[in-house]
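Keep the structure in view as you read.

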Amino acid sequence: MARSSRRARYLDIHPVDPQPRLVDQAVAVLRDGGLIAYPTDSCYALGCSLGATEGLERIRRIRQVDKNHHFTLVCADFAQLGQFVIVSNPTFRLVKNATPGPYTFILPATKEVPRRMAHPKKHTVGVRIPDHRVAHALVEALGEPIVSSTLLLPGQEDPPSEGWVVQDLLGEQVDVIIDSGEVGIEPTTVVDLSTGELEIAREGAGDITRF
């Protein structure tokens, strides 16, 4: 999909009752290899489809992260999540009890995960199921996880919390911006379970006392 410097399409999607027509517009852009900025239950995220090689590179450029950056697969449900990561029995219970919610779990990737988006040395990937109706509607309509990364820009302490701010910052660097009202500014809590031991890699919006 050829990119130009035109402004992103701005979609105002209801946070509780997402309009299917608008969700489908965003999903069409994802299927075409495009890049979206969308709200979650923690903060704004950048997202593209699994096969969007250019989308991954655009996220890396915007975030200014290297090849070791952990991307997250935002999933619709536990069945979908289980296709992309290896979940042991003890891990299953832990993850199941904390989803949906503002947690990202680092787990060993299955062969379903493209090599370019798994950690190059550890072969791990982040997965999560958000507790946000718009994010869930997008993933459900797409039929596969959205490859995502927190919309945290270099030199900024917090992600933007409103769509118009995202538009000011990234209006010519993404293809779609979804506005569903104000969201949080705290990224997910990242729980690394890849070694079989639980490690809190980042404390964020999710309460860590439950672990």
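The largest nonpolar core has 40 residues, and Leu46, Leu73, Phe105 and Met117 touch the most other members. A nonpolar core here is a set of buried Ala, Val, Leu, Ile, Met, Phe, Trp, Tyr and Cys residues joined through side-chain atoms within 4.5 Å. Buried means under 20% relative accessible area, exposed over 50%, and partly exposed in between (1.4 Å probe, protein chains only). Two or more residues of this core come from each of β3 (44-48), α2 (53-63), α3 (78-81), β5 (103-108), β6 (124-128) and α6 (163-170). These helices (H or I, at least four residues) and strands (E, at least two) are DSSP runs, numbered from the N terminus. A second, separate core holds 22 residues, including Ala26, Val29, Ala45 and Val134. In soluble globular proteins, nonpolar side chains tend to be buried together.

This is a predicted model, in which local features need pLDDT of at least 70 and side-chain atom pairs count only at pLDDT 80 or more, while totals for chains, interfaces and linings use all residues. Residues are numbered from 1 along each chain as its sequence is written, and side-chain values use heavy atoms, with hydrogens and water left out.

Now look at α2. Its buried residues are Gly55, Leu56, Arg58, Ile59, Arg60, Ile62 and Arg63, and they pack against β3, β7 and α6, where contact means heavy atoms within 4.5 Å. Gln64 follows α2 and has a positive phi, near 55°.

Next comes β9, which is covered on both faces: Thr189 and Val191 on one side, and Val190 and Asp192 on the other, are all buried. Its two pairings are set out below; strands pair if DSSP finds at least two bridges between them.

| Pair | Sense | Bridges | Facing residues |
|---|---|---|---|
| β5 and β9 | parallel | four | Tyr103 and Thr189 |
| β9 and β10 | antiparallel | three | Val190 and Arg202 |

The hairpin of β9 and β10 has six residues between the strands, and Gly196 in the turn has a positive phi of about 95°.

Which residues lie nearest the centre of the largest pocket? They are His70, Thr72, Thr150, Val190 and Arg202, out of 24 lining residues. On a 1 Å grid over the protein atoms alone, a pocket is an open set of points where a 1.4 Å probe fits, with protein on both sides within 12 Å along at least five of seven lines; lining residues have an atom within 4 Å of a point. β7 gives the most to this lining, with three residues.
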